Every structure is written in C-alpha cells, then in structure tokens.
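Good morning, and thank you for coming.

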Amino acid sequence: MAKTLLTRISILKQYDTTNKTVLWEDGTESRWTNVYGQLQPNDNAIFITADDKLLIGTVTQVNSRQSILCSNIQEVFCSNDQFLQLHEIYPEEISRVKANFQPFIHPQQIDFSKLISDANAKRFVCYYILSSTEKYEELKPTLNLNDRIVIINSNNTLDNVKLHSATGLVPFPNVSISVQGRSLQEILELNQAVKRKSTRSNNVTRVQEIIKTSAEKGVYKFKSFFSYYDFLYNKLVYKNISTSSIPKIKLNVNETVFKVSMSGKDINEAAFNYLSEKNLIIVHGDTPAKGTSYQSQGDTFAKQMKIGDYFYLCRGNNNLEVIGRITSNAEECEFEDLGDDGWLQRSYDIITEAEKEGSFQGEKKWWTPNDNSTCIAIPKNEISDANKKIFIPFFQTEFEYEKINSENITEIKSNNNMASTLNQILFGPPGTGKTYNTINKAIAIANPSFDLGQPRSEIKKEFDRLMKEGQIVFTTFHQSMNYEDFIEGIKPVEPEKEGDPISYQIEYGIFRNLCIEASFAIAQLREDKTTEEVLDFSILYDKFAESVEERLLKGEQVELDTKTGGTVLVDSISQQGNFVIKHHDGTRNYTVSKARLTKLQSAIKNLNDVSNINDQFREVIGGSNSSAYWSVLNAIRKEKLTQPISKEQRTYTFSDKKDVVLSLSKSDYVNKNGKPFVLIIDEINRGNVSQIFGELITLIEDDKRLGKDEALEVTLPYSKEKFGVPLNLFIIGTMNTADRSVEALDTALRRRFSFEEMPPKPELIKQEGKLENGVLETIELDFLLNTINRRIEKLLDKDHQIGHSYFISVANFTDLKSVFQNKIVPLLQEYFFGDYGKVGLVIGKGFFEPVENHENIFADFDDYDTSSFAERNIYRIKDIGKMDERVFVNALNTLLNK
C-alpha cells in the first residue's frame with residue numbers, strides 16, 4: 001500500500017515551479033523516527049500551502065535524516081477548510097492536531113485521481129444533524145454524495161454518523177461518534193460540566209443552537225469540519241473520568257514539563273479562542289529571560305522546548321486551561337498579523353483539561369500561574385512539588401520521571417547529543433555572556449539529564465565535575481597557539497639526571513588527547529572482546545619491554561627467535577618504548593612500534609599460520625621490517641603464557657586508551673553513540689585558526705566524522721598515525737566581534753561551524769541584576785546601556801557594542817563608577833583609537849574636563865603659523881572613580897540628554 005505524507009509547506013522556495021519538484025528539507029530527528037522513516041520511493045505527498053493551494057506529488061528520493069524529493073507536482077487550488085471537506089482525505093481519521101498539518105502519514109490509502117477531481121470540481125462534503133429519517137428523505141435531493149448525516153432517532157438520541165449515497169444512507173466504516181446513544185440534553189449537560197469557555201472543548205452555545213435549530217427547522221448544518229468534529233468526537237469532553245485514582249504521566253529524563261502563559265493582557269479573547277480551536281500555543285520571540293536562566297523565554301519556547309515535551313497552559317493566574325504535549329517545532333504565528341509582530345506558535349495534543357476553577361493561591365515560584373513568567377521549564381527536582389501545587393488539584397493528573405539505570409543512561413544521553421550541533425560558535429560584543437553561556441551548553445551536551453533550571457552555583461559545580469572527569473575541556477586561543485599545541489608536535493623531554501642529553505618525543509595536543517578519550521568511549525561499546533584483548537596486550541608489551549630493558553642495562557645480550565629459525569638482537573628500548581632490533585653483525589637498526597604491533601596482534605591470531613610474512617604483515621601495518629615485528633610479537637606471546645592478566649577493577653591509563661583507539665577501524669565507529677565530550681575554545685578568533693586546525697578543517701565536518709558514510713582519516717605529519725574525529729566530540733567556540741569580525745575568520749572554517757549571535761540584552765539588567773528593576777535612584781541602567789549602544793552602532797557598527805554583563809553586578813554608584821572607569825571608557829578609547837571627540841559623542845561632555853593651556857608652546861619654524869594650534873582646546877577624561885556622586889549623576893544625565 002502506497003503511503004501518503006501530509007504536511008504544511010511554509011518555505012515556498014522548496015517548491016521548484018519549473019521542474020515541478022518539492023525538496024522537503026527537515027532534519028528533525030523525532031520526525032524521521034516517527035514519520036519520514038516510513039516513506040519509500042513511489043509513495044505520495046500532499047503539501048498544503050498558506051495561499052489556498054495543494055501541491056500533490058510522488059516521492060522519488062529519500063535522503064535519510066535530511067530531505068525528501070517529490071516529483072511530478074500537481075497544483076490544486078483548495079483552502080485548508082475545503083481540504084477537510086474532501087471525502088477522499090477521510091478527515092475523521094485526521095485528529096485535530098494533524099489537521100494543523102504538521103507532518104504525518106495518513107492512515108488510509110488515498111485515491112489521488114478522485115481527490116484531485118473532487119477538489120477541482122469543488123465537490124466538498126457537508127456535515128448535518130437531522131431531526132428524523134423523514135427529514136433526510138425530504139433533503140435528499142439537495143445533498144452531496146458522502147455528506148455526513150447524524151439522525152436523531154425515535155428515542156431522541158443520536159445514531160452513529162452515516163454517509164449519503166445515491167441509494168440513501170449507508171454505514172461509514174470504522175468511524176464512530178463519541179456521543180452515539182446520547183440525547184442532545186445529555187450532551188448539553190456534559191458540556192456545561194466542562195470549565196472551559198473555549199469553543200474548542202466547551203460546546204454549550206453550539207449545543208443550545210443545535211437543540212433550537214433542529215426543533216424549529218429539523219436540520220442543523222455545521223459550519224466547518226472543526227465544529228462538526230468537536231461536537232461529535234471530542235473524547236476529552238465526553239469521556240468518563242474515574243476519580244478513584246490519579247492518572248500518572250510517565251516522563252523519561254529527556255522530556256521536560258513547561259509552564260506556558262497566554263494572558264489576556266497580551267492575547268485577547270478572539271485570538272485565544274482561535275488558537276484554542278486550532279490547538280496552538282504562542283509566545284513572543286522577544287520575551288526576555290526569567291529566573292536564573294540566561295536564555296530568553298522566547299528562545300526557551302523556540303529552541304529548548306521540543307516535540308514530545310509537555311506543558312500546562314494558563315491565562316495569567318485567572319484560568320488554568322489544559323495540559324498538552326508538543327507536536328510541532330516553533331514557527332511564525334498564523335493568526336492575523338501576530339506573526340509579523342514576532343509571535344511564534346507550536347501545535348499540541350491535549351492530554352487533559354483543568355477540572356478545578358479559580359486562581360492559584362499558593363507560594364509563588366517561577367513556574368506557578370501567579371508568577372509573571374511566560375514560558376519556563378519546571379525543574380525535574382521540583383516536579384513533585386508541581387504535582388502537589390498544580391497538576392493534582394487543578395488537573396487530577398500527576399507527572400512522574402522514570403528511574404534511569406546504568407544500562408540506558410548512556411543511550412539516552414547519546415541520543416540527545418547526536419541531535420546537537422557538533423560545531424558551534426557564540427559570537428558577540430564584549431560582555432554579552434558568551435563564555436558564561438558555554439557552561440550551560442557544554443553541560444546540556446555532556447550530561448543532558450542535568451537540570452539547568454537550578455541555581456547558578458549548582459550549575460557551576462556540575463561543570464567543574466565534568467571538567468575534572470575530562471568530559472569537558474576548556475582552552476583559550478591566542479597568537480602563540482599553534483598546530484603542535486592543538487594536534488601533535490615534537491617536544492623536548494627533560495633529562496632524568498644532570499648531564500644527560502635533551503631528547504625529543506612526539507606529544508599529543510589538546511584536541512588529539514580529547515579525540516582519544518571520545519574514541520575510547522566508543523571502543524567500550526564494542527560487543528566483542530577486542531578492547532580487552534588490546535589492553536591485555538598493552539600490559540604484556542610494557543612488562544616485556546621493561547624486563548628486556550633491565551637485562552640490557554645489566555649488559556646481557558637479548559636474542560629473539562625469527563620465523564626462519566634464526567635470531568635477532570634487541571639493541572635497545574627507545575624513549576618512546578619501541579624495540580630497536582638489529583641482525584647479528586648488522587649495521588642497520590629496525591624500530592618495532594607498539595602501535596603497529598598492537599594491530600598485528602589483533603589481526604593475526606596464530607603466527608604459525610603466516611606463510612608469507614612480508615605480504616601478510618604489510619597488509620596490516622604497511623611497509624616495515626616484517627621479520628623484526630614477527631620476532632617481537634612471537635616473544636610477547638610466549639611471555640603471555642607465563643604472565644596471567646588480572647581483570648579485577650581495571651583502570652585505564654591514557655596509554656591504554658591510545659592503544660585501543662589506534663586499533664579501531666572505521667567500521668567500529670558506525671552506529672555507535674559513545675559518551676559525549678566537549679571542547680570549549682574561548683576567543684577562537686584570536687589565534688591563527690588555519691595554522692592551529694591544520695587538516696582538522698576537513699575532519700571536523702559533520703559528514704566527515706568517524707562513523708559517517710563519508711568519514712575521512714588523515715596521516716598526521718609527526719606520528720605518521722591515522723587520525724579522524726569521532727561523532728561524540730563537540731566543539732563550542734566563542735568569538736569577540738569587537739576583537740575581530742566574523743568575516744575575518746577563515747572561510748573554510750566558518751562554513752563548518754554554526755553561528756549563534758549573543759547580542760547585548762539590556763532587559764537582563766532588570767531581571768537578573770542586583771538592583772530592583774535595574775534602577776539606581778533615577779538612572780535606568782537598561783536605558784543607559786541601550787543609549788550607549790545606539791551611538792556606538794551609528795559611529796562604528798553593532799559588533800563594537802557594550803555587553804549587559806558589566807551592569808548586572810552594579811548595586812550602587814561606586815559600582816557604576818567602576819564600570820565606567822574600568823570597562824566602558826577603556827573600550828571606547830580602544831574602539832575610537834583615542835579620538836576623544838567620538839568618545840564624547842557616546843558618553844557626553846560630563847565625563848571630560850578641559851586642559852587650560854593657551855600659551856604658545858611650539859618652537860619657531862619659518863612660514864608656519866602656530867597660533868591656531870595654541871588656541872585649540874584639549875580635553876581629558878575625568879578620574880571617574882574620584883568623581884563626586886552628584887557630579888557623576890549629572891554626567892550620566894548629560895549622557896542621556898536629560
């Protein structure tokens with residue numbers, strides 16, 4: 001059976017009108033799991049546009065987790081409401097939420113030729129309640145085929161819905177109304193018992209109109225599919241609620257419960273009723289942050305909230321409305337011009353409606369209805385408190401988080417992280433919280449079950465813990481940082497005792513070390529015993545090398561058997577722990593490295609089965625002295641028989657992890673979601689990025705990561721080892737735009753990162769600053785900052801604005817004077833290269849004092865008049881820290897043009 005995808009299309013550039021194709025791009029993981037993953041070539045798709053048009057086509061290509069190509073697109077003019085009046089679409093089988101046309105697979109096979117024919121011919125069905133079968137017979141000539149008919153029978157109750165056909169009424173297969181067998185009076189009483197006054201779920205006015213119209217005229221015609229569906233199928237209104245027990249909603253650790261408020265102050269009754277009818281919630285995109293969160297509530301709604309999360313809806317503290325579950329991503333609000341004004345919407349399924357009227361009178365928290373928050377997450381550790389205060393008394397429902405055991409916590413974390421952006425840069429002017437915000441982002445990746453709604457001190461403790469455990473690494477780029485510090489390089493080794501020569505060895509850099517840790521986490525997911533075998537071999541190798549070195553120090557000659565029956569000599573053990581082998585009476589030395597020997601150990605199970613050493617060894621480790629490698633490997637395997645390995649409480653050294661990682665192949669990374677690791681690079685644009693990253697420019701790309709189809713590895717220049725970047729390593733950078741603009745970053749690197757702007761947010765001074773409402777006597781700090789930034793943007797650009805963080809900690813005039821003297825004025829002097837005229841245009845003349853000096857200080861020089869220079873005024877910036885408070889306030893008022 002061919003499947004059919006239905007969805008609303010808002011990005012019309014996805015529709016190629018010339019080639020009649022739609023390239024539907026959507027990387028949302030949950031939709032690929034639940035919807036798109038069911039599609040195959042030759043399935044169908046219907047795209048509903050905003051301009052009363054259907055785009056109907058055939059699926060020709062599915063690019064998993066990325067896009068769907070549909071071809072042979074036919075345009076059919078049909079509004080959303082008319083679409084739900086096409087019989088062939090079986091609108092009763094589309095729930096109210098699906099009728100908002102978020103992506104879903106239609107449960108029925110659709111006859112597209114009939115669908116298109118009906119739409120073009122405007123053959124739409126209508127929905128009726130009739131007072132009797134006689135009334136049906138009377139109206140039959142005026143009815144359309146497949147009109148929905150509900151008859152009030154002789155018992156004064158409703159029969160099930162039927163279809164009008166050429167031969168009369170016929171059953172409607174697999175469709176049952178929720179009010180079958182109930183009278184209109186019973187239906188009225190059920191609706192009167194529901195608190196909601198919305199047209200969505202409380203049909204009191206409509207039922208009264210149906211009772212009156214059917215009695216007077218014998219027929220009631222529904223105005224739309226939605227009114228028909230809500231009256232006859234609304235299980236939320238007509239269900240039998242058991243009060244013997246409180247139903248529980250089970251949550252996994254990746255799900256969050258939010259408070260969403262749509263107060264009457266911002267959203268009038270007409271808008272609220274429309275949105276309720278459509279199962280939509282809205283929040284303004286510019287709604288500022290609340291509580292301890294740096295993230296704005298608009299971003300909480302648009303970015304943090306995800307499909308599958310829960311929320312409760314209130315109208316301020318006047319009414320608690322519903323508990324819902326999110327079914328779509330955030331998009332521009334469709335009601336009137338709210339979208340143009342910045343309002344965002346999400347669709348939802350109704351879980352339950354409030355059963356208790358009245359406002360909430362308990363203790364105020366950020367997530368309670370009596371707080372003026374708009375969209376805020378309820379911390380996981382406070383969900384039981386929310387149950388007691390909100391969900392049980394008002395909704396007769398409670399939430400409960402499932403217990404997470406050690407077997408599934410890694411998978412849950414990894415699934416969250418794989419959907420995160422692998423490479424991202426936070427950019428903005430100084431003082432906007434870029435470094436501050438990397439802490440939250442890094443924790444969200446490394447430990448997604450951690451509740452970021454907690455106080456900042458608890459968040460910082462968790463960050464420090466993850467840093468200590470090596471799951472998060474923090475570094476700062478600077479002009480002296482280079483490839484050798486970041487990837488690998490040759491570094492001097494301090495002599496063990498005085499007089500010994502300095503030696504050099506290859507050392508891994510910050511990023512290479514973290515790649516080893518991340519790759520080892522993936523290696524631990526291998527189902528076979530390869531990892532343990534590699535580690536066992538590493539221990540045996542180290543012990544054997546140590547014993548050989550002791551014998552050499554005693555002056556003993558160490559011989560190893562060869563494949564041909566002879567022997568070779570161990571000349572030494574290098575500082576890198578490699579065996580240096582030579583033949584008897586030979587002058588050339590051969591190095592046997594631990595890394596290559598480990599690969600041979602894994603690849604060749606029985607040395608006796610090796611018939612051609614050169615060919616078989618070179619297939620594994622490339623061109624090396626095969627006889628020397630065979631001799632050392634054979635000796636270690638003999639040693640294994642006398643050296644049992646203890647497996648109790650094994651701890652892994654970095655050397656152990658490195659050995660395991662070097663033994664991995666590309667296939668070992670496929671479909672493996674290891675523990676996530678995060679590298680934070682502060683001031684990423686202050687270093688020579690191309691020089692520092694080197695070949696990483698390519699390797700950090702999402703599709704070039706180990707485990708992907710297009711995975712790449714390179715041979716590093718110093719160690720000559722293969723190197724790739726695993727999928728469970730995330731990079732977060734910060735960039736001060738006043739230091740160097742975004743455009744100055746290496747182009748190749750810039751396109752491999754996603755950029756998130758961190759602009760100044762003056763509103764946070766009110767919400768999170770030390771001063772109540774951000775006001776110091778008569779000085780409004782948010783207005784002060786905004787005034788300064790508007791002037792800077794005029795004189796320079798937005799990249800050189802001043803961040804809000806400088807004002808967050810201001811508690812008095814002493815603090816504010818310190819901010820001006822130590823932060824703002826030095827920045828302005830740097831921005832304008834000491835041009836006090838432009839600095840004065842930003843902060844005003846109240847911060848300057850003239851230098852009285854009109855005498856001629858210049859030396860004599862023929863034909864040059866110095867009098868104009870002697871009369872030129874010179875200004876200096878006052879010592880702001882020593883300014884009298886009254887003088888300082890006057891300077892601020894001058895700045896603000898008061």
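Predicted model: local features only at pLDDT ≥ 70, side-chain atom pairs only at ≥ 80, totals over all residues.

Residues are numbered from 1 along each chain as its sequence is written, and side-chain values use heavy atoms, with hydrogens and water left out.

Five strands form an open, parallel sheet in the order 23-30-33-22-34. Strands here are DSSP runs of E of at least two residues, and helices are runs of H or I of at least four, numbered from the N terminus; two strands pair if DSSP finds at least two bridges between them. Strand 23 (472-476) and strand 34 (754-757) each have a single partner strand, so one side of each is left without a neighbour in the sheet.

Within the sheet, strand 30 (residues 677-682) and strand 33 (residues 729-736) are joined by five bridges.

Now to the two loop residues. Asn146 lies in the loop between helix 4 (133-139) and strand 9 (148-151), and its phi is near 70°. Lys720, with phi near 65°, lies between strand 31 (714-715) and strand 32 (722-723).

Are these residues buried or exposed? Asn146 is buried at 19% relative accessibility, whereas Lys720 is exposed at 55%. Buried means under 20% relative accessible area and exposed over 50%, with partly exposed in between (1.4 Å probe, protein chains only).Lastly, helix 16 (residues 510-523) lies across strand 23, strand 30 and strand 33, contact meaning heavy atoms within 4.5 Å.

How values were computed: Axes fitted to C-alpha atoms, helices over the stretch in contact; angles between N-to-C directions.
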